[in-house]
Every structure is written in structure tokens, then in C-alpha cells.
Amino acid sequence: MAAKTTTRPAAKSARPRTPRSAEAYRKKWTWDSVAWATHCVDCYPGSCMYHIYLKDGKVAFEEVAGSAKKLWADVPDKNPMGCQKGAAWSRMLYGQERVAYPLRRVGERGAGTWERVSWDDALSDIADKMLDAIQESGPETIIHEMTPAEGGTMAIWPTQRLLINLLGGVATDVNAVINDFQPGHYITWGKFNPATGAGGEMRTRLRLIWHCNPVYTQIPNYHAVAEARYQGCEVVHLAPDAGPSSIHADYYYSVRPGTDAALALAMCRTIIEEKLLNERFVREQTDLPLLVRVDSGRFLRQSDVEAGGSDERFYAWDTAKKALALAPAKTLRWGKVTPALDSRTRNVRLADGSRVAVVPAFGVLRTMLNRDYTPEQASAICGVNARVIESLARKVATRPTAIYMGMNLCKYYHGDLMQRAMLLLLALSGNWGRLGAGITSWSPGSGLEGQGLFGQKQRTGLAETRRVLEVRDQLQAMADAAAAGADSKEIASIDAMVNATRLGLTGMIPPAFFWYYHCGYRDRWNNKQWNDPAMKRTFDEYVNEAVDAGWWQGVLKPAPDRPPRVLFEVGGNMLRRQRGGRSHLLEHLWPKLDLVVSIDWRMTTTGRFSDYVLPAAQHYEKPNFHTASAALLELKFSDGAAKPEGESLSEWDIFRKLAGKIEERAKARGFAEYTDSVGRVHRLEDLYERMTLGVEGVDDLVDEWVKDTAAAGMLKKGQSLKTMRERGKAEFTRVGESVYTLNQATDAEPGKPYTSLQRHTTKGQPYPTLTRRAQFYIDHPWFLEAGEQLPVHKDNPKMGGDYPFVMTSGHNRWSVHSMNITNRMLLQTHRGRPHLVMNTKDARRRKIDDGEEVRVFNDVGEFLVPVKLSGSVMPGQVICYNGWDPYQFRDWRGPMDVEPGMVKWLHFAGGYGHLRYWPIQWQPTPVDRAGRVGVAKVMSGANGSGGRGRSRAAER
């Protein structure tokens with residue numbers, strides 16, 4: 001029998017007292033309200049959704065929302081979508097670099113002395129100087145140095161609307177300013193921007209991470225690479241230096257800087273010689289079956305064979321009929337023709353009765369590959385073992401392969417050749433235009449049609465929107481009818497964009513001519529030692545030929561004899577980012593400028609040398625949208641939940657107020673209208689009304705955009721600013737018909753995986769190139785002269801002089817460009833200052849220790865920086881990551897001060913099919929990778945000069 005037990009009543013106990021530290025901690029994580037936000041910056045594709053938590057009117061903290069829904073049954077969702085920059089963003093709203101009031105320069109530019117002024121005083125003075133420039137020199141002397149900005153669509157759209165559309169100023173093309181243009185893609189496809197799409201990652205079975213470090217640069221999205229490995233995807237990292245992306249790859253192969261074309265071409269040879277070639281794809285999709293004349297190296301054209309024939313129609317050799325076959329232009333399908341894909345030389349009769357030997361471009365390619373790019377030859381160039389090259393080639397040829405390529409290659413002098421070689425590798429294996437295959441790029445945003453509709457409206461409201469849409473539909477029907485004879489709708493759309501650009505209707509210019517004529521780069525670009533030895537003439541001669549031939553008609557602005565007068569920098573930082581450096585622009589461009597205006601939330605290097613710094617509202621302080629990309633199919637919203645600091649204003653409020661002030665000051669002068677250089681009349685008497693349509697509040701503007709976008713059928717009916725605030729995003733119901741959307745050449749549908757270029761590969765839609773095929777053979781006279789009619793390997797020119805190190809770069813882990821680099825929380829996660837990464841053995845030979853300050857120098861300039869020693873860097877290579885602000889270096893000199901800012905002369909070529917400028921497409925862009933530098937200890941007692949005097953011979 002169990003013992004009897006008794007239970008005493010429990011003694012009443014007091015609740016334990018919460019320690020003060022716990023109370024403080026809990027109080028820290030309390031809030032008054034929550035809002036949706038994202039960071040509308042150049043972080044592609046970006047759009048990571050956050051919740052921001054507000055307390056006492058300020059942002060207390062933020063956290064990843066994890067709100068991305070699962071879109072495809074066999075593809076993991078994109079969550080959590082965020083990074084450490086986004087999680088610490090609010091620290092920058094209240095940091096010491098924040099500018100909260102309008103500032104006017106006192107004393108010399110760059111002196112760093114300012115006086116606080118009212119918005120009225122600042123805008124009045126700015127308006128007067130703008131009117132002076134217009135009246136005395138023309139509106140084209142007002143320059144907006146266009147960047148993706150730190151303000152998203154809210155920064156870009158109001159700036160363009162006033163300065164470019166209404167006043168007739170010019171904007172430098174953003175894709176050249178930041179150099180994210182992929183010239184090799186453009187040369188091959190006639191467009192640089194086919195994105196890989198969305199949802200196809202799980203179908204990839206071989207991923208080549210090439211010239212990219214996504215563990216650093218794609219933190220929100222890299223998990224898709226890791227997840228694909230569960231489906232059998234093998235990951236290979238190809239780069240000069242081992243890094244975080246190497247650790248997480250199945251294989252890492254070190255490639256000498258700038259030699260990737262040799263590696264890719266040797267892989268191409270292996271595929272051909274081992275009979276792994278996808279002949280159907282190559283015949284249909286590429287120009288390699290087209291016949292090339294042996295005597296001239298030019299394509300055999302219809303005008304060669306038939307009297308009155310076209311210069312833009314080409315031939316293949318029909319193996320069945322043993323005769324010439326004219327290549328179709330409206331389709332890639334050959335019908336009953338089987339084009340020869342061999343190395344045989346054949347003789348054909350020309351229109352004048354003579355005969356000429358011809359060979360398929362494929363034969364020219366194969367001969368070159370066998371002569372110059374055996375695996376052993378390529379190994380000696382690039383450093384990758386010959387057997388590894390062969391093994392990689394076999395994998396590419398037998399698996400759905402995707403190349404994860406960042407924005408690094410386009411910043412090499414011969415990046416176009418390397419990209420063309422990579423695309424050739426994909427073409428020979430049939431690896432684009434299908435899920436799981438292709439190569440990464442970026443695509444301009446589309447979808448927020450309300451912004452474009454606002455510019456076409458005469459008043460606000462949906463009734464006016466419907467009127468504009470009816471007119472637009474009528475014009476589109478007329479355009480479609482006119483384009484019915486075009487080879488494709490995409491090609492017709494590009495033609496229209498090219499014509500609009502030449503008429504000055506886009507307001508955008510390729511800045512290479514601005515740099516050449518007005519910024520002092522002409523002398524640098526003419527430096528023969530810093531250019532490709534294949535240049536047969538001076539740089540000036542090529543530029544003059546391009547201009548005289550009219551290849552760049554309508555975009556040479558400001559004119560060579562008309563210097564710029566006013567410069568607006570809105571969310572960008574020209575004196576940090578521009579290749580060639582702060583000192584070069586301050587010497588050659590700044591003295592010409594009557595006015596420099598920097599609109600930003602913080603003080604920057606460009607701001608320091610501006611006449612006015614106007615405070616812009618930051619993220620979380622204004623309603624805004626991230627630029628919608630083809631890879632997202634969603635419009636992401638960032639709310640203006642916090643009150644702007646001090647007197648900061650949204651860019652909309654800044655530019656609408658400036659429009660009103662220009663109108664007011666123009667009336668005082670009796671200045672009512674003017675005509676720009678292309679004959680357009682600009683009225684000033686009702687400038688404010690045409691700028692705003694009566695909309696003043698930024699909330700009202702955004703609401704109008706969203707409602708109009710829904711009215712256009714891009715969003716579901718009923719969408720508004722209210723619904724965006726509730727959900728934080730909206731799904732697009734279709735992808736639209738802009739030229740950049742058409743460039744994707746895909747029938748993307750929301751909710752379904754897609755990839756670009758599918759209309760070419762599955763429907764036979766022609767490419768927008770001269771030959772209407774993916775074009776690997778370029779018979780432009782300049783390309784033939786340079787030996788670049790086919791992709792080849794060329795050594796990097798010795799940009800900056802004959803020095804022993806090549807300096808490479810890339811985005812660092814701690815900042816999107818430079819905007820987060822002084823975030824105090826993030827500064828605690830690394831050394832907190834710029835550094836140069838150097839091979840340990842190279843440093844030891846120079847008696848350089850880890851953490852020691854060194855001098856990096858060449859014939860362009862020099863800078864001082866602490867060194868970080870690492871065996872992960874190749875001997876002869878040094879790395880200085882992009883994104884440090886000049887004021888973090890001694891004397892405000894950094895890596896931009898040793899970059900010559902060279903451009904490749906071939907990219908001035910035109911008058912040839914698709915080699916023609918239209919916004920963000922074909923144009924010369926500056927390069928900065930693999931420039932030559934010396935590295936030396938800082939001499940004892942050296943000051944800001946860095947101890948000049950160490951000889952180049954001593955560096956060797």
C-alpha cells in the first residue's frame with residue numbers, strides 16, 4: 001500500500017524582477033508602426049523586401065520580410081532575399097555624412113567650406129545659371145550625368161523629365177557611365193541585354209561562375225546556385241584569384257587575368273574536333289554557315305552575285321543542290337536547304353562574270369582554332385591545364401550549361417573578345433534559349449508604364465489616361481502596319497529607337513564624345529603604348545572617320561566647340577566613379593562649368609567640389625520603386641514612412657520646385673521660349689504646370705503612376721498607392737512591349753519559368769544583327785584590320801605604363817558601390833578601411849608586411865593604401881575592390897587615380913548593320929581592369945607624395 005502523502009499549499013511567490021539589462025533590450029525592440037520598404041539602388045536585380053519598424057517618427061531598425069511567394073512547383077522560393085547592407089541601412093539615415101539642409105559653397109571648389117541657405121535662395125541661383133547657359137550656349141550645355149542613382153525611379157524620372165524632356169538638356173548614357181554594357185553580347189546578338197530569365201536555375205546541370213564572385217555580389221540570390229546542386233548541377237569557378245565563390249564550387253581553376261578568350265576558344269576547338277558540335281543549332285542560329293570570300297575576308301553578299309542585289313543579304317552553300325542558297329532574313333529556318341558546315345573552299349561566279357573562292361565562316365573559324373588554340377597552346381596562355389580544358393568542354397557540350405557572368409568582363413579592354421568567345425562556346429553546344437542554359441546580363445526596367453503615360457498626359461486622372469492610351473493604341477497599330485514588312489517586330493522597334501536617338505528625341509548621348517572633346521581624355525586615348533598594337537592609325541583618325549561618316553549622327557552633344565556649362569549629379573558620384581580619376585576631371589572639365597549641383601542624401605567627393613549640395617530624402621523617407629527587371633515580373637514598393645531629416649526633399653519635390661523657379665526667373669527676363677539644336681521649341685511660361693500637371697505631393701504622383709499602370713493593363717485593376725502600402729508589391733500581368741522587353745525574345749508569362757532568346761530558338765525569329773543571325777564573324781573594315789573578325793585572344797594593353805602588376809577589382813562584400821561603405825555598423829565587420837590584396841610572395845620580395853601602407857603608382861598617378869597579404873591572389877596580380885570613397889584614402893586619391901580610363905577604338909565603329917547607337921546599347925565604354933601598376937613600400941618620412949622617386953626599373 002502506497003504511503004499517504006500530503007500536499008502543502010504553495011507559498012505565494014512574487015514575480016521575478018526583470019533585470020534592467022533585459023528591460024533595456026526589450027525596449028530597444030519595440031516600435032510604433034511597420035511599413036514596407038526596399039532599397040532602390042543599382043543592386044541587380046535587387047528588390048529585396050524589408051519591414052521597417054518606426055519609433056518616435058524615426059526608423060528604429062529593419063528586417064528581411066521574407067515575403068517572396070513560391071512561383072514554380074519545382075523551384076525553391078527566393079526567400080529570404082536580403083543582405084547585411086539592407087539590414088543595416090537605417091544607420092545611414094542618421095549618420096554623420098548625412099546632409100540635411102541646402103548648402104552653398106564658400107570659397108574655392110573643394111575647400112570644404114559651406115553656408116546653409118534656404119531652398120528658395122539655392123533654387124533661384126541655380127535657375128539663373130541654367131537660364132544663362134540656355135540663352136548664351138544652348139540647352140545642350142546642361143548635362144545630367146546619368147547613373148542608376150541611389151534613389152531609384154524617384155531620382156531618375158523627375159530629373160529626366162525636367163532637365164531633358166522639358167528643357168532640352170542631355171543625359172550621358174548610364175550604361176557607359178557605369179560601364180555595365182556587354183559589348184561582346186551586342187556584337188553577337190545585336191543587343192546586350194537578354195537576361196537569363198527566372199525559374200530556370202534548377203534545370204542547369206553545369207554552372208560556370210566566370211568573372212563573377214556571387215557570394216560577395218549576389219548575397220540574396222546565391223542560394224539558388226547552391227540549391228541547384230541538389231538537382232545535380234556541377235559548379236565550376238573560373239577566376240584569377242581564389243575567393244568565397246571558389247570555396248563553394250565543385251571545382252576552381254585559376255585563369256590569368258584577361259586570358260579567358262584563349263580558354264573558351266580551346267574549349268570550342270575540343271567540341272568541334274571531338275564531334276560534340278550541335279550542328280542543328282549552329283546552322284540555324286548562327287552566321288557560321290554563311291560564305292566568306294577568300295580574297296577579301298568579307299561575306300559573300302547578294303550585291304556580289306546579282307546586279308542590284310542587297311549589301312545586307314548573304315549566302316550559304318546548299319549541300320543538297322551543290323549551289324548557292326540565299327539566307328532568309330525573316331526567319332532562321334532554312335527550309336529544304338542544308339547549309340554546308342565545313343572547311344571546303346568552293347568557287348562561285350560573281351555578277352561581273354568573274355569567279356571567287358569562298359568558304360563557310362565555320363571553316364575560317366575551324367582553321368583558326370586548329371592553328372592557334374589547341375588545349376596545349378591555350379594552357380600556356382591562360383594557365384589552366386590542357387586536360388582540364390578538354391574535360392570542361394565535354395561537360396559543356398553534353399549538359400544544360402549556364403555561365404554566371406558578372407559585370408567584370410565588360411571592364412576589360414578586350415572584354416568584348418572574351419564575351420564573344422564565351423558565346424561561341426554556348427552556341428557550339430546549343431546552350432541558350434532553353435531553360436537552364438544561357439549567360440547572365442542585366443535588362444533595363446520596364447512595367448511601370450504610369451511614368452511614361454504621365455509625360456504624355458495634359459492633365460491628371462483616369463479619363464485623360466484612357467484618352468492617351470487610345471491615341472497610343474492607334475499609333476501602335478500604324479507602327480505595326482508600317483513594320484509589317486520588317487524582319488521582326490523587335491528589329492522594327494530598334495530601328496525606331498535608333499531614328500529617335502538620331503533626331504535627339506531620347507535626350508541620351510554616348511558620353512565617349514563628351515569625354516573626348518570636353519573632359520581631357522583625347523590625349524590619353526591617343527597614347528599608343530596604352531592601346532592595342534593592332535591599331536594601324538592614331539586614335540584621332542578613327543574618331544574623325546566615325547564622325548565624318550555620320551555613324552554617330554545626332555549624339556555629339558555638347559558640340560565640340562560648345563563646352564558644357566551646368567552639371568547635375570543626382571545620386572551619383574562622378575569624381576569617385578569616373579575612370580581616370582578626380583584629378584583629371586578637376587583639371588579638364590571643372591573649369592568649364594559655371595555650375596555644379598549635387599543632389600544627394602550625403603556628402604560625397606563630387607559634392608565636395610560642387611557649388612550646391614541639395615539634400616535628398618533617403619530610402620524609407622519617400623515613396624519609391626525599385627526598377628522592375630525582366631527577371632522579377634513584380635513591382636516592388638518602398639514607402640516613405642519616416643519623416644525626411646532636416647529640410648531634405650524627394651527628388652520630385654526638388655525638381656518641381658526648380659521648374660517653378662526657372663519659370664519665375666525666365667518671366668523676369670522676358671524669356672518665354674527657345675529652340676534647341678534639333679529644332680524643338682521649349683516654352684518656359686507654363687513650365688511648372690507642364691512639369692507637374694497640377695500634382696504637388698509626392699504621394700499623389702506615385703498614386704497616379706500606379707493607377708495609370710493598372711489602366712494600361714500592366715497591373716491588376718484597382719492597384720493604387722494604398723494597395724502598394726498594404727502589400728508592398730504587385731505582380732505584373734504581362735511583360736509589355738518596350739524595345740528592351742522585346743530584346744528578351746521570350747513569351748514570358750507571370751507564374752511560369754522562362755528564359756530569354758526562346759523566340760529565336762523555338763520560333764526562328766531573326767536576331768537584330770546584320771546577318772539576322774547570332775553573328776560571330778564581323779567583316780567591318782576596322783574589325784578585319786584589327787584581326788578581330790572572329791573572337792580571338794589578345795593580351796591586355798599596358799594601360800598606365802610598363803609596370804609589373806596588373807590591378808583587378810570587383811565589388812566588395814560590405815557595400816553596394818560606395819553608398820554603404822561608411823555605414824558604422826558595417827565598418828565593424830571588416831578592417832574598416834580600404835586595402836590592397838597582394839600575393840604573399842610578391843610582398844615578401846619587396847619586404848612588405850601585412851597591414852603596411854604601400855604606394856601604388858603608374859604613369860597616370862598614385863595612391864597610398866594598406867596592404868592585405870594573401871596566397872589566394874595570383875603572383876603579379878593585385879586587387880583593390882571597388883566602392884571605397886576617395887576620402888577614405890590619404891589625400892583623397894584612390895584606385896581611380898591610376899586608371900587611364902581607356903576605351904577600345906573599335907567601339908567607335910558604325911555604318912554596319914547593328915553597329916549603331918541607341919540608348920544603353922552600342923557605344924565605347926571605359927575600362928579599368930588589369931591596368932598596370934607598381935607597388936612599393938612607402939619610404940621613411942614620406943608625406944602625401946607617397947615617396948615619389950622609386951624607379952620603374954627598381955619595380956621590375
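Residues are termed buried under 20% relative accessible area, exposed over 50% and partly exposed in between, with a 1.4 Å probe and protein chains only. The structure is a predicted model, in which local features need pLDDT of at least 70 and side-chain atom pairs count only at pLDDT 80 or more, while totals for chains, interfaces and linings use all residues. Residues are numbered from 1 along each chain as its sequence is written, and side-chain values use heavy atoms, with hydrogens and water left out.

The chain is divided into domain 1 (32–93), domain 2 (103–179 + 445–742), domain 3 (196–440) and domain 4 (805–898 + 926–955); such bounds come from an automatic or database domain assignment. Between domain 1 and domain 4, the centres, taken over C-alpha atoms, are separated by 33 Å. Nine residues from domain 1 and 10 residues from domain 4 take part in the contact, where contact means heavy atoms within 4.5 Å. The size of an interface is often given as the accessible area lost when the parts come together. Here buried area is the accessible area (1.4 Å probe) that two parts lose on being put together, summed over both. For domain 1 and domain 4 this area is about 900 Å², and carbon and sulfur atoms give 66% of it. On the domain 1 side, the residues that lose the most area to domain 4 are Gln-84, Lys-85 and Met-92, which together account for 49% of what that side buries. The number of salt bridges between domain 1 and domain 4 is zero.

A salt bridge is counted when a side-chain nitrogen of Lys or Arg lies within 4 Å of a carboxyl oxygen of Asp or Glu. The structure holds 76 of these salt bridges. In one of them, the side chains of Glu-273 and Arg-366 meet with an N to O distance of 2.9 Å. Glu-273 belongs to helix H11 (residues 260–273) and Arg-366 to helix H14 (residues 361–372), so the pair ties together parts that are 93 residues apart in sequence. Helices (H or I, at least four residues) and strands (E, at least two) are DSSP runs, numbered from the N terminus. Glu-273 is partly exposed, at 29% relative accessibility, and Arg-366 is also partly exposed, with a relative accessible area of 27%.

Glu-284 counts as buried, at 10% relative accessibility. Asp-747 and Arg-759 form a further salt bridge, with the closest N and O atoms 2.9 Å apart. Asp-747 is in the loop between helix H31 (739–742) and helix H32 (758–763), and Arg-759 is in helix H32, 12 residues apart. Asp-747 is partly exposed at 41% relative accessibility, whereas Arg-759 is buried, with a relative accessible area of 19%. A network of salt bridges links Glu-274, Glu-376, Arg-387, Glu-390 and Arg-394.

A nonpolar core is a set of buried Ala, Val, Leu, Ile, Met, Phe, Trp, Tyr and Cys residues joined through side-chain atoms within 4.5 Å. The largest has 199 residues, and Phe-568, Trp-590 and Phe-908 have the most contacts inside it. Another core, of 26 residues, lies apart from it and includes Trp-814, Val-837, Trp-884 and Val-935. Not counting residues up to four places away in sequence, Phe-568 touches residues including Ile-126, Met-130, Leu-163, Val-597, Phe-655 and Leu-658.

Tyr-777 is placed in the loop between H32 and helix H33 (781–786) and is buried, at 2% relative accessibility. Its contacts, leaving aside neighbours within four places in sequence, include Asp-287, Phe-299, Val-364, Leu-790 and Tyr-912. Between Tyr-777 and Pro-791, 14 residues apart in sequence, the C-alpha to C-alpha distance is 8.0 Å. Asp-842, in helix H35 (residues 840–845), is buried, with a relative accessible area of 4%. Beyond neighbours within four places in sequence, Asp-842 is in contact with Phe-805, Met-874, Pro-875, Gly-876 and Gln-877.

An open sheet is formed by three strands in the order S22-S23-S26, with antiparallel pairing. Strand S22 (624–625) and strand S26 (729–731) are the edge strands, each pairing on one side only. Two strands pair if DSSP finds at least two bridges between them. S22 and strand S23 (residues 634–638) run antiparallel and are joined by two bridges; Asn-624 has Ser-638 in S23 as its bridge partner.
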